[in-house]
Amino acid sequence: MTMDSGAQQPVRSAYRHYILFLCCFTYFLAYLDTLGLLSGMAFALTYSLLGLPMGGLADRGSRKKILVACVLIWSVMTLVCGVAKSAVMLTIGRLGVGAGESGVTPSAISIISDLYPKSSRARAIACYPICGALGAAAA
């Protein structure tokens, strides 16, 4: 077990890697969705406008709860997109997907930073954008 000088308790390596996998897989799915055919201004606008406030929320709140809530919102709004019968409904769904996805990266990077000691933190964080690129390639 290792412990970063800023961490409160030691974290097992297997647990750190499990959480890193979950964060990276979430980002993979986000990019897979983001670069789909239905991306547009509704998604981009919401995602961009909410990114900084969601980062601030992640700084002050429970990042795990924020991440779970964001994935839930994103998933429900993806379902709304799937059953949309009009352009308005699809736009509302894409706005919601953007809102949900906007909190994923700030929360995930913060969680990863807390779990890994300084000696391996950069490598762990480097895995995160790689999964975004893999999601883009899979789209």
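User: Why is Phe25 called partly exposed?

Analyst: This is a predicted model, and in it Phe25 has 40% relative accessibility. Buried means under 20% and exposed means over 50%, so Phe25, at 40%, counts as partly exposed.

User: Where does Phe25 sit, and which surface patch is it part of?

Analyst: Phe25 belongs to helix α1, residues 13–34.

User: How many aromatic pairs does the structure hold?

Analyst: There are four aromatic pairs. One of them is Phe25 with Phe28: the ring centres are 6.2 Å apart and the planes are at 15°. Centres within 6.5 Å make a pair and planes under 30 degrees apart count as stacked, so Phe25 and Phe28 are a stacked pair.

User: What separates Phe25 and Phe28 along the helix?

Analyst: They are three residues apart in helix α1, which means about one helical turn. Phe28 has a relative accessible area of 21%, so Phe28 is partly exposed.

User: What makes Phe43 and Tyr47 a stacked pair?

Analyst: Their ring centres lie 5.5 Å apart, with the planes at 20°. That angle is under 30 degrees, so the pair counts as stacked. Phe43 and Tyr47 are four residues apart in helix α2, residues 41–60.

User: Is Phe43 buried or exposed?

Analyst: Buried, because its relative accessibility is 5% and the cut-off is under 20%. Tyr47, with 29%, is partly exposed.

Key: Residues are numbered from 1 along each chain as its sequence is written. This is a predicted model: local features need pLDDT of at least 70, side-chain atom pairs count only at pLDDT 80 or more; totals for chains, interfaces and linings use all residues. Side-chain values use heavy atoms; hydrogens and water are left out. Helices (H or I, at least four residues) and strands (E, at least two) are DSSP runs, numbered from the N terminus. Buried means under 20% relative accessible area, exposed over 50%, partly exposed in between (1.4 Å probe, protein chains only). Rings of Phe, Tyr and Trp (its six-membered ring) pair if their centres lie within 6.5 Å; planes under 30 degrees apart count as stacked, over 60 as edge-to-face and the rest as tilted.
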